[in-house]
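This report describes the packing within and between the chains of one model. The sequence and structure come before the details.

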Amino acid sequence: MNDIRLLKTQLFLSLAIILFGIQNYVLNQYIFALSFYETVVKVVLAISVLTILLSAIVLILQSIVFINRKIIIKKEERYLAVNIALYYLVVFTSLYLSTQLR
Amino acid sequence: MKAFLTFIVVVIIILPLFILLNPFIWGMRRIATYEPSVVTSNLIDSLNRKSNLDIYVDTYLDTVWYFRDIRYGKVDKLANFNLGFRNSEQKTIDTNQIKNYVTAFSQKFEHKKYFDSILVTSDNSIIYQIKMK
């Protein structure tokens, strides 16, 4: 696992989940008028839990590889730091979405 | 040094999983019930003081979802709004007094349109009932 493709995928997934959480927070007065919206929240919640579990594994493996290199690559370190921060935000989003279901 | 740094990063990554995968936190999810707004509880307090009765809100509805469902027309039948009457001194119940109380309450109640009628109960028996328009 030398490349940062996994971290990039994780970054986009995390951003999508966080954006969904923000739009739910802003629009929850109106958007629940859609009959299928509760299912959407359920699906996103399931995706976010899966994302957290997988990205925990990915982050642990990648950080062991990246930190213990002989020559540290700046780009990799930056990706790692950003992804750990996003990972925390996804955990909070997931906990928030779990309160939005009946 | 690098081993220590790796250890710290791994601990940082594992830490939120203790929150997310903790069954005790899932159990701590609050059960949504009817929470009287400040206006309603002030109204009840002032009416209690005025008429010298001990009446409290006895409704256990999940307000968030119930109000939402009504707003989007998913409910066929409106629920009743329960008020409990605490008869601590074991006096005979003065129906007239309660009638005046409930009439005054129903005029100023802000969630009027969400409920069908107001019931006043004491020891699980209905002592007064009024229909809302």
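Predicted model: local features only at pLDDT ≥ 70, side-chain atom pairs only at ≥ 80, totals over all residues.

B:Asp54 counts as exposed because 11 C-beta neighbours lie inside 10 Å. Residues are numbered from 1 along each chain as its sequence is written, and chains are lettered from A and ligands numbered from 1 in the order in which they are written.

B:Asp54 is placed in the loop between H3 and S1 of chain B. Helices (H or I, at least four residues) and strands (E, at least two) are DSSP runs, numbered from the N terminus. Between B:Asp54 and B:Arg86 there are 32 residues in sequence but 5.4 Å in space, C-alpha to C-alpha. Neighbours within four places in sequence aside, B:Asp54 is in contact with B:Asn48, B:Arg86 and B:Ser88; two residues are in contact if their C-beta atoms, placed from the backbone, lie within 7 Å.

B:Asn52 is in the loop between helix H3 (38-51) and strand S1 (55-57) of chain B. B:Asn52 is exposed, since 7 other C-beta atoms lie within 10 Å. Its phi is near 60°, a positive value in a residue other than glycine.

## Nonpolar cores

The largest nonpolar core has 13 residues, and those with the most contacts inside it are A:Val41, A:Val44, A:Leu45, A:Tyr87, A:Val90, A:Val91 and A:Leu97. A nonpolar core is a set of buried Ala, Val, Leu, Ile, Met, Phe, Trp, Tyr and Cys residues joined through C-beta atoms within 7 Å. At least two residues of this core come from each of helix H2 (37-67) and helix H3 (74-98) of chain A and helix H1 (2-20) of chain B. Another core, of nine residues, lies apart from it and includes B:Phe81, B:Leu83, B:Tyr101 and B:Phe115.

A:Val41 is found in helix H2 of chain A and is buried, with 20 other C-beta atoms within 10 Å. A:Leu97 belongs to helix H3 of chain A and counts as buried, with 21 C-beta neighbours inside 10 Å. The C-alpha atoms of A:Val41 and A:Leu97 are 7.1 Å apart, although the two are 56 residues apart in sequence. A:Leu97 is also 55 residues along the chain from A:Lys42, with 8.3 Å between their C-alpha atoms.

| Residue | In contact with |
|---|---|
| A:Val41 | A:Asn24, A:Leu97, A:Gln100 and A:Leu101 |
| A:Val90 | A:Ser14, A:Ile17, A:Ile18, A:Ser48, A:Thr51 and A:Ile52 |
| A:Leu97 | A:Gly21, A:Asn24, A:Val41, A:Val44, A:Leu45 and A:Ser48 |

H2(A) has 31 residues and reaches 42 Å from its first C-alpha to its last, close to the 45 Å expected at 1.5 Å a residue. The expected span is 1.5 Å times one less than the number of residues in the helix. Buried residues of H2(A) include A:Ser48, A:Thr51, A:Ile52, A:Gln62 and A:Phe66. Their cover includes helix H1 (5-27) and H3 of chain A together with H1 of chain B.

H3(A), with 25 residues, reaches 36 Å between its first and last C-alpha, close to the expected 36 Å. Among its buried residues are A:Leu80, A:Asn83, A:Leu86, A:Thr93 and A:Ser94. H1 and H2 of chain A and H1 of chain B are included in what covers the buried residues of H3(A).

## Contact between the chains

The contact takes 17 residues from chain A and 16 residues from chain B. On the side of chain A that touches chain B, H2 and H3 of chain A each supply at least two residues, and the largest share, seven residues, comes from H2(A). This side divides into 12 nonpolar, four polar and one charged residues. Ala, Val, Leu, Ile, Met, Phe, Trp, Tyr, Cys and Pro count as nonpolar, Asp, Glu, Lys and Arg as charged, and the others, Gly among them, as polar.

The axes of H3(A) and H1(B) come within 10 Å and cross at roughly 0°. Axes are lines fitted to C-alpha atoms, for helices over the stretch in contact, and angles run from 0 to 180 degrees between N-to-C directions. H3(A) and H1(B) are therefore roughly parallel to each other; angles under 35 degrees count as roughly parallel, over 145 as roughly antiparallel, 65 to 115 as roughly perpendicular and the rest as oblique. A:Ile84, A:Tyr88, A:Val91, A:Ser94 and A:Leu95 in H3(A) meet B:Ile12, B:Ile13, B:Pro16, B:Ile19 and B:Leu20 in H1(B). By class, this contact has nine nonpolar, one polar and no charged residues.

Conventions:
Buried ≥ 20, exposed ≤ 12 C-beta atoms within 10 Å, placed from the backbone.
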